[in-house]
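Let's take a friendly walk through a protein chain. Have a look at the sequence and the 3D view, and then read on.

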Amino acid sequence: MREAEITAIMASYLDDIDRITAKMYLPTDDDVMKSWQKTRGVGEYKFPLPKNSELGTAELVLYDVGGARNHLQASASCFDDVNAIILFAPINAFDQQLAEDPQVNRLEDSFMLWRSVIENKLLAHINIVLFLNKCDLLKKKLESGERLNDHMPSYNHPNDYETVSKYFRNRFGAMHQQLTPNKSRELFIHLTSVTDTRKTHIIISNVCDIIITASTNKSSL
């Protein structure tokens with residue numbers, strides 16, 4: 001995990017140090033949401049769908065292939081039966097570098113990953129859900145005085161959260177519109193902070209509806 005991320009997580013835990021060090025401490029939902037586990041290989045996770053869904057008794061299967069571009073490229077041929085691709089882009093990372101390559105900006109790496117996904121002809125038939133994540137950390141970083149233009153010289157707009165987040169949303173969307181080989185593919189972009197469990201629950205419910213609709217349409221063909 002990157003040093004900046006560790007610092008942010010540690011600060012949130014230290015704010016609750018008395019509660020966390022108590023003898024009868026039990027992690028809260030927020031504590032769990034702030035935890036982190038590195039993806040190793042391809043992980044498979046299954047979630048039962050509500051019984052009143054359009055698919056009847058069924059389950060949602062999630063495949064986690066990690067964020068590295070080589071992982072996704074190697075797994076692309078396995079996506080034949082996938083109804084949606086979900087990607088996370090940490091838009092707060094504009095001032096950070098990759099741990100494995102300090103010469104590469106983390107946000108620029110997200111743009112390169114995004115490009116490799118939307119240009120891939122093997123994935124052209126799959127709708128995409130893009131989470132522009134860690135918006136809470138982005139807002140705090142901008143309010144602290146960190147300037148996006150110092151790390152992305154091409155950005156020449158105001159440095160407030162609303163303008164910056166809109167810029168990122170439009171840039172990712174414009175790249176998809178320009179580079180996708182399938183102009184009819186649907187793209188859904190959400191500004192998210194996974195530690196905001198209430199908003200995240202609403203977004204995930206919407207994503208599940210998208211996946212169910214895609215699966216229903218596919219089965220009717």
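Arg115 is partly exposed, with a relative accessibility of 41%, where partly exposed lies between buried (under 20% relative accessible area) and exposed (over 50%), using a 1.4 Å probe and protein chains only. Its partner is Glu119, and the closest N and O atoms of this salt bridge are 3.2 Å apart. A salt bridge here means a side-chain nitrogen of Lys or Arg within 4 Å of a carboxyl oxygen of Asp or Glu. Both residues sit in helix α5, 4 residues apart, about one turn of the helix.

This is a predicted model: local features need pLDDT of at least 70, side-chain atom pairs count only at pLDDT 80 or more, and totals for chains, interfaces and linings use all residues. Residues are numbered from 1 along each chain as its sequence is written, and side-chain values use heavy atoms, leaving out hydrogens and water.

## Two further salt bridges

The whole structure holds 3 salt bridges. In one of them, Lys141 meets Asp95 at 2.7 Å, N to O. Lys141 lies in helix α6 and Asp95 in the loop between β3 and α5, so the pair ties together parts 46 residues apart in sequence. Lys141 is buried at 14% relative accessible area, while Asp95 is partly exposed at 21%.

Asp16 and Arg19 also form a salt bridge, at 3.2 Å, N to O.

## The overall fold

The chain has 8 helices and 5 strands, which are DSSP runs (H or I, at least four residues, for helices; E, at least two, for strands) numbered from the N terminus. Of its 221 residues, 36% count as buried.
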